[in-house]
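Here's a quick briefing to read with the structure open beside you. Take it one topic at a time.

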Amino acid sequence: MKRILFFSTLLFICKIYGADVTFGKLIHAEQDPSEWLTYWGDYRATRFRNLKQINDTNVGKLRLEWMFQTDAPGMFETMPLVADGVMYFTTPDTSVDAVDARSGRLLWRYRYRIPKTAKYCCGTLNRGLAILGNRLYYLTPDTRLQAIDKRDGTLLWDTEVASSAGGAYGGTEAPLVVKDKVILGPAAGDDGIRGFIEAFDAKTGKRLWRFRTIPEPGEPGNETWGNNSWKHGGGSTWLTGTYDPESNTLYWGIGNPAPDLVGSVRPGDNLYTDCLVALDADTGKMKWYFQFTPHDTYDYDATETPMLLDLPWKGRMRKLVVQANRNGFFYVLDRETGQFLSAQAFVKTTWATGVDKNGRPIRTPGLEPTQKGTVICPQCSGATNWMAPSYSPLTHLFYFNVREGCDVFFSKPPVYKEGASYWATSARAEANEHQTGRVTALDPLTGKARWKFPLYSSPWAGTLATSGNLVFAGDEDGYLMALRADTGTLLWRVNTGSHLVTSPITYELDGKQYVTMPSGSAVLTFALPAE
Amino acid sequence: MWFQERFLVPSFTLLPLALSLAGYANAQDAPNGRALFEENCAGCHGTGGAGDRGPSLQGQLRHGNQLPDIKNVIVNGLPGTGMPKFDFDDHDLQALIPYVQSLSQKSGSGTHPHGDPIAGRKIYDSGKCSGCHKIGSEGSSFGPNLTRVGAARSYDYLKTSILSPSADVPENFEGVTVVDGNGKRYSGIRVNEDTFTVQLRLPDQSFVSFDKQSIKSEVMEKQSVMPSYKFEAHDLQNLLSYLSSLVGPANSTAGITEEPRLR
């Protein structure tokens with residue numbers, strides 16, 4: 001009897017900490033609220049969970065369940081993953097931690113130390129992991145792809161994605177797992193790299209395909225780069241893409257051209273910078289592209305979340321991809337063809353007065369960054385940025401954090417030098433202008449706001465929607481808050497003590513719902529008090 | 001998207017951040033001392049170093065006119081004055097430092113006002129300036145700390161600050177009046193603010209905090225909290241002479257900070 005008890009206990013433990021994450025689980029991630037398996041929580045990036053234990057009647061009682069201190073300095077932009085009761089995240093100082101998602105107790109720590117000789121673009125900034133089988137995938141800040149055993153944090157293999165000898169590339173995004181591939185792209189378009197999206201064999205780390213975000217001579221699109229400027233064209237990806245399993249298509253946003261605020265050295269539209277590209281996930285072959293900001297001179301990357309929604313567009317169900325773009329417009333495209341459907345400004349936009357019937361911006365003549373400085377809206381860091389939006393199928397609203405305000409844009413042609421920044425920028429707020437923000441609930445079918453919740457400062461944190469009629473959002477002054485999803489009424493808030501630079505997640509274990517938000521160098525997890 | 005990464009800089013001090021990044025942005029350009037100065041330094045020190053909010057750099061420099069002195073100030077900043085550290089590369093420093101030195105060889109009015117600082121101190125005392133300002137450990141924390149104001153501000157800026165205080169109000173000394181739920185008015189300096197709360201420093205040096213949902217109004221003062229002062233010309237001259245002499249200990253952390261908003 002004791003023996004049986006022992007084995008059943010062992011089985012129970014294995015059930016908690018042992019199950020593998022399959023591709024099938026990833027496809028249906030949004031239907032399993034006990035887990036959070038990808039950067040966006042699901043392939044479509046709706047960031048909605050059918051969880052309502054915490055809801056609009058009781059969220060006021062939400063309180064800290066546990067807090068985990070990484071004790072690491074830096075920006076905590078990670079998005080934790082939750083699988084089988086374990087939470088995994090990258091820390092601000094390049095480690096990977098596994099903690100018990102119920103208690104916040106550390107289970108293991110993988111200490112990655114970037115070699116002293118390595119040069120890379122973007123500090124130790126990192127946004128998280130991907131998971132498949134019993135492995136975690138980590139794109140390190142010095143642009144290596146590492147496979148880590150999720151059971152004990154041991155390194156299984158380590159592949160160089162881009163050279164860290166020159167010092168231009170960097171890794172910021174969480175990889176995306178599709179089938180048996182790990183797909184990712186590097187950061188640092190502003191160092192004059194040529195960006196790419198690559199797929200690696202999840203088992204071995206072998207490179208399988210590469211899509212160049214800046215076409216070479218002879219390839220379509222290269223003609224959009226005058227003066228041989230394609231060589232240092234930028235176009236990095238910074239953020240994870242989304243995926244439609246039905247058509248096996250990846251949707252990935254591409255960053256700005258380099259140098260960022262000077263267009264004269266790169267005449268042309270500069271494809272595929274500031275584009276959304278649709279790629280075949282098996283081959284990396286491009287199906288279509290759409291460029292939001294041709295010949296960008298404002299640093300308006302298009303790397304924001306490409307969210308996949310199936311909605312009745314003008315009376316007919318269509319497969320859509322929507323994006324609140326850094327350039328201040330909310331776009332709706334047909335995701336099967338890339339056809340432009342609509343764009344609506346959601347902040348003050350002076351760089352363009354609108355878009356034409358093909359979605360191409362109607363530029364304000366002569367409004368360009370200058371040596372003396374030019375006031376342009378939205379601000380250089382964008383009307384929105386990497387902070388995740390969310391969508392509720394119950395309210396049919398798209399929830400996102402908006403950055404309102406303008407900058408003075410300066411420019412001066414830089415000289416390219418390998419491994420150094422290749423940007424012509426500086427941009428700063430106008431004197432005595434406080435840049436504000438808001439949480440906006442937008443009807444994606446009309447592009448109009450249903451409600452707006454004003455924020456004091458321009459935020460860097462995203463949103464999460466649940467079936468409890470709640471939207472969780474973070475702000476720049478450190479508040480995590482819960483708003484009524486249908487009306488935007490504030491129901492709960494807590495000052496986490498540090499400005500928030502990632503987005504909240506939620507999961508349910510043993511019938512208890514948790515809400516998690518990294519802040520400062522800590523991971524904070526909230527739940528309702530026991531009855 | 002590099003711009004987002006700029007916010008990695010641990011300091012969220014907005015002004016020095018913007019300035020130091022501006023310097024960084026220029027790092028690969030063919031360095032031109034004058035252009036570097038105008039883009040990165042003139043915002044505080046004025047065009048050609050004539051002085052603005054920051055001191056004039058024309059004439060004898062307070063922290064030394066030699067190339068290593070100038071480099072030291074640029075690279076390390078000056079605590080208590082608002083002068084931040086700058087992150088120029090060597091290439092740019094080699095262009096910028098001689099240019100700054102060349103400015104100091106101009107004759108400027110900025111750093112050495114005529115007047116009697118001892119008589120100026122008496123004006124300071126009789127004007128009850130210490131009711132709002134602090135020098136060393138004496139005075140009030142309500143207004144800007146003047147321990148190093150002579151090193152931080154130009155003569156002309158100090159003069160304007162006394163005669164027309166509203167001409168330039170530093171962000172961390174903006175006045176605000178809050179009426180609470182009971183109709184009670186509080187006027188003070190806005191120390192911090194966020195979406196939900198606002199914190200004031202009151203003239204008695206105490207703090208008061210409000211939940212914005214429970215207040216009746218919050219009105220930012222358009223004018224400086226400091227009244228405009230009128231002086232006889234020679235009294236003003238003496239007072240300015242006194243204030244310009246306040247340079248404090250060079251390693252002091254007291255004085256003017258450029259933290260526009262605590263977090």
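A:Leu309 sits across from A:Leu320, a residue of strand 20 in chain A. Keep in mind that this is a predicted model.

- Strand 19 and strand 20 (residues 316-324) of chain A run antiparallel, and seven bridges join them.
- They belong to an open sheet of four strands in chain A, with the order 19-20-21-22 and antiparallel pairing.
- At the edges you'll find strand 19 (307-313) and strand 22 (340-345) of chain A, each of which pairs on one side only.
- On average, neighbouring strands here are turned by 30° against each other, direction ignored.

**Sheet 26-27-30-31 of chain A**

- Another open sheet of four strands in chain A has the order 26-27-30-31, again with antiparallel pairing.
- Its edge strands are strand 26 (390-392) and strand 31 (448-455) of chain A, and each of these pairs on one side only.
- From one strand to the next, the twist averages 25°.
- Inside the order, strand 27 (residues 397-403) and strand 30 (residues 437-443) of chain A make an antiparallel pair over six bridges.
- To find that pair on screen, look for A:Arg403, which stands opposite A:Gly437 in strand 30 of chain A.

**Strand 38 of chain A and its partners**

- Is strand 38 (residues 522-527) of chain A enclosed or open? Five of its six residues are buried, so strand 38 is largely enclosed by the rest of the structure.
- One partner is strand 2 (residues 63-69) of chain A, which pairs with strand 38 in the antiparallel sense over six bridges.
- In strand 38 of chain A, A:Val523 is the residue opposite A:Phe68.
- Strand 37 (residues 512-519) of chain A also pairs with strand 38 in the antiparallel sense, over five bridges.
- Here A:Thr516 has A:Thr525, in strand 38 of chain A, as its bridge partner.
- Strands 37 and 38 of chain A form a hairpin with two residues between the strands, and A:Gly520 takes a positive phi near 65° in it.

**Nonpolar cores**

- In soluble globular proteins, nonpolar side chains tend to be buried together.
- The largest nonpolar core has 139 residues, and A:Leu129, A:Ile131 and A:Val177 touch the most other members.
- Leaving out residues up to four places away in sequence, A:Ile131 touches A:Val21, A:Leu37, A:Leu81, A:Ala83, A:Leu136, A:Lys150 and A:Val177.
- Another core, of 36 residues, lies apart from that one and includes B:Ile74, B:Ile123, B:Tyr124 and B:Leu240.

**Chain B in overview**

- Chain B has 10 helices and seven strands.
- Of its 263 residues, 40% count as buried.
- Among contacts in chain B with a separation of 6 or more, 68% come from residues 24 or more positions apart.

**Helix pairs in chain B**

- Two packed helices are described by the angle between their axes and the distance between the axes.
- Helix 3 (residues 33-40) and helix 6 (residues 90-104) of chain B pack at about 85°, with their axes 8 Å apart, and are therefore roughly perpendicular to each other.
- From helix 3 of chain B, B:Gly33, B:Arg34, B:Leu36 and B:Phe37 meet residues of helix 6 including B:Ala95, B:Leu96 and B:Tyr99.
- The residues of this contact between helix 3 and helix 6 of chain B are seven nonpolar, one polar and two charged.
- Helix 7 (residues 117-126) and helix 10 (residues 233-244) of chain B have axes that come within 7 Å and cross at roughly 100°, so these helices too are roughly perpendicular to each other.
- Among the residues of helix 7 in that contact are B:Ile123 and B:Tyr124, while helix 10 of chain B brings residues including B:Leu239 and B:Tyr242.
- The contact of helix 7 with helix 10 of chain B divides into six nonpolar, three polar and two charged residues.

**A loop residue in chain B**

- B:Gln205 lies in the loop between strand 5 (197-201) and strand 6 (207-211) of chain B.
- Is B:Gln205 buried or exposed? B:Gln205 is exposed, because it has 12 other C-beta atoms within 10 Å, and 12 or fewer counts as exposed.
- Beyond its neighbours within four places in sequence, B:Gln205 is in contact with B:Ser140, B:Ser141 and B:Phe142.
- B:Phe142 is 63 residues from B:Gln205 in sequence, yet they are 5.6 Å apart in space, C-alpha to C-alpha.

Methods. Residues are numbered from 1 along each chain as its sequence is written. Chains are lettered from A and ligands numbered from 1 in the order in which they are written. This is a predicted model: local features need pLDDT of at least 70, side-chain atom pairs count only at pLDDT 80 or more; totals for chains, interfaces and linings use all residues. Two strands pair if DSSP finds at least two bridges between them. Axes are lines fitted to C-alpha atoms, for helices over the stretch in contact, and angles run from 0 to 180 degrees between N-to-C directions. A residue is buried if 20 or more other C-beta atoms lie within 10 Å of its own, exposed if 12 or fewer, and partly exposed in between; C-beta atoms are placed from the backbone. Two residues are in contact if their C-beta atoms, placed from the backbone, lie within 7 Å. A nonpolar core is a set of buried Ala, Val, Leu, Ile, Met, Phe, Trp, Tyr and Cys residues joined through C-beta atoms within 7 Å. Angles under 35 degrees count as roughly parallel, over 145 as roughly antiparallel, 65 to 115 as roughly perpendicular and the rest as oblique. Ala, Val, Leu, Ile, Met, Phe, Trp, Tyr, Cys and Pro count as nonpolar, Asp, Glu, Lys and Arg as charged, and the others, Gly among them, as polar.
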